[in-house]
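Visitor: I have a chain to go through. Can you walk me through it?

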Amino acid sequence: MSDPVSDLPTRKPRRWPWVLVLVSLVAAGYWFWSANQGKSTSGFRRFGGPMSGASVPVKAAVVEQGKIDYILKAIGTVTAFNTVTVRSRVDGELLKLEFQDGQKVQKGDILARIDPRNYQIRLDQALGQQKQNEAQLKNAQKDLQRYQLLYKQNSIARQQVDAQEALVQQLIGARTSDQAAVDDARLQLEYTDIVAPISGRLGLRKVDEGNIVNASSTDGIVVITQTQPISVLFTLPQAQLPDVLAQLRGGNTLAVELYDRDDIRKLADGELMSLDNQIDVATGTVKMKARFANEDEARFPNHFLNVPLKVETRQALVLPTAAVQHGSIGSFVYVIDEQNKSRIQAISVGRVDGRRTEVLSGLSAGQKVKIISDE
């Protein structure tokens, strides 16, 4: 006889309640995570950043006729207008330096003194030789006068007169040589006082008192740089050269400005002096030189600065550069109509001088455009 219990079919455990519980837990976790995430990103809008909800300031500007500058920008190097390495022209002991490092000097100021005694002795010797030969010349000239008188009386031969004339000419030549020797000795003596050949500012001295200096030395005693005025060298591409040449050949003076390395603060105003006579084949650029008064002496040689060159100023239809946008259609602006509604208008632009942009087509004077500012 079979067991009635064993004959009953075996029941499988029910798993769906556990699945339901698991799904509920997942849903509750997701809700909790979403709620916290919403609190932590309360400053963000969907698909945006932290400032996506901020308002953007909008300004309006009027398209008008005005002046626009044609400016070419370059990076320039400040250079001294003149630079001189002061060297001794004679040999000797350096007795005294008459300047302080960094001092401003004028042309002709005494900078240093060299022991003059040797050169004074040479001058005295030259003067003595000159007097000796001068006395011989006077005596020879008197003898010549007597010989000529005796020759007229047929008392001496012509040969003796000719010999005396030759001696006089010889002594006249010696007198010229003596004068040259005296001038040279006096000049060498003057060279013992070393003077400033130009006006400018001194650098740091390269030799101290008591040292022996030589005329052959290339180091020199000190360097003078002329900083008033001062020059700036810069280069421009050869493609921009015709515009500059057209203005220079027309007799126009081109204004040049100096800005700091960040191109923010204006430092000085100057003018274009000259340009090189050939193009650098390695870079395809031409060198140009501008002049600045540098009255405050704030510009130093080898200082790198931004150099805008103003080539031309002309009348044109202009609008603020901030109003010009760029996209797939090219340059465009938002035009504001009579109903204060804006629409996109494609335009063609010309020169840009930083603050203003030239409009070639697409707008007319008096129209209003929208300026979108990030400020």
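Visitor: How many residues lie between β15 and β16 in their hairpin, and which one in the turn has a positive phi?
Guide: There are 5 residues between β15 and β16. N340, in the turn, has a positive phi of about 60 degrees. A word on the source: this is a predicted model, where local features need pLDDT of at least 70, side-chain atom pairs count only at pLDDT 80 or more, and totals for chains, interfaces and linings use all residues. Residues are numbered from 1 along each chain as its sequence is written, and side-chain values use heavy atoms, with hydrogens and water left out.

Visitor: What counts as a strand here, and what as a pair?
Guide: Strands are DSSP runs of E with at least two residues, helices are runs of H or I with at least four, and both are numbered from the N terminus. Two strands pair if DSSP finds at least two bridges between them.

Visitor: How many bridges join β15 to β16?
Guide: 5 bridges, with the strands antiparallel. β15 covers residues 330-336 and β16 covers 342-346. V335 stands opposite R343 in β16.

Visitor: And which residue of β19 is the bridge partner of V335?
Guide: V369. β19 (residues 368-372) runs antiparallel to β15, with 2 bridges.

Visitor: What about β14: how many bridges join it to β15?
Guide: 3 bridges, again in the antiparallel sense. β14 (residues 325-327) forms a hairpin with β15, and 2 residues lie between them. H326 has S331 in β15 as its bridge partner.

Visitor: How many residues of β15 are buried?
Guide: 5 of its 7, so the strand is mostly covered, where buried means under 20% relative accessible area, exposed over 50%, and partly exposed in between (1.4 Å probe, protein chains only).

Visitor: Next topic. What is the strand order in the open sheet?
Guide: β6-β5-β3-β8, 4 strands with antiparallel pairing. The edges are β6 (193-195) and β8 (212-213), each of which pairs on one side only.

Visitor: Which residue of β8 is the bridge partner of G92?
Guide: V213. β3 (residues 92-97) and β8 share 2 bridges.

Visitor: How far apart are D219 and T85?
Guide: 134 residues in sequence, but 7.8 Å in space, C-alpha to C-alpha.

Visitor: On to β9. Is T225 buried or exposed?
Guide: Buried, because its relative accessible area is 19%. T225 lies in β9 (residues 222-237). Beyond four places in sequence, T225 touches A80, N82, T83, G200 and R201.

Visitor: And V359, buried or exposed?
Guide: V359 counts as buried because its relative accessibility is 6%. V359 is in β18 (residues 356-361). Its contacts beyond four places in sequence are L317, L319 and S348. V359 and Q65 are 294 residues apart in sequence and 9.8 Å apart in space, C-alpha to C-alpha.

Visitor: What is its volume, and which residues are closest to its centre?
Guide: About 320 Å³. Of the 13 lining residues, I71, K73, E257, Y259 and D353 are closest to the centre.

Visitor: How many charged residues are in that lining?
Guide: 7 charged, with 5 nonpolar and 1 polar. Asp, Glu, Lys and Arg count as charged; Ala, Val, Leu, Ile, Met, Phe, Trp, Tyr, Cys and Pro as nonpolar; the others, Gly among them, as polar.

Visitor: How is a pocket picked out?
Guide: On a 1 Å grid over the protein atoms alone, a pocket is an open set of points with protein on both sides within 12 Å along at least five of seven lines, and lining residues have an atom within 4 Å of a point. The volume is the space filled by probe spheres set on the points, which are joined across faces, edges and corners.

Visitor: Last one. How many helices and strands in the chain?
Guide: 4 helices and 19 strands. Of the 375 residues, 30% are buried.

Notes: Contact = heavy atoms within 4.5 Å. 1 Å grid on protein atoms, 1.4 Å probe; cavity = no way out; pocket = protein on both sides within 12 Å on 5 of 7 lines; lining within 4 Å.
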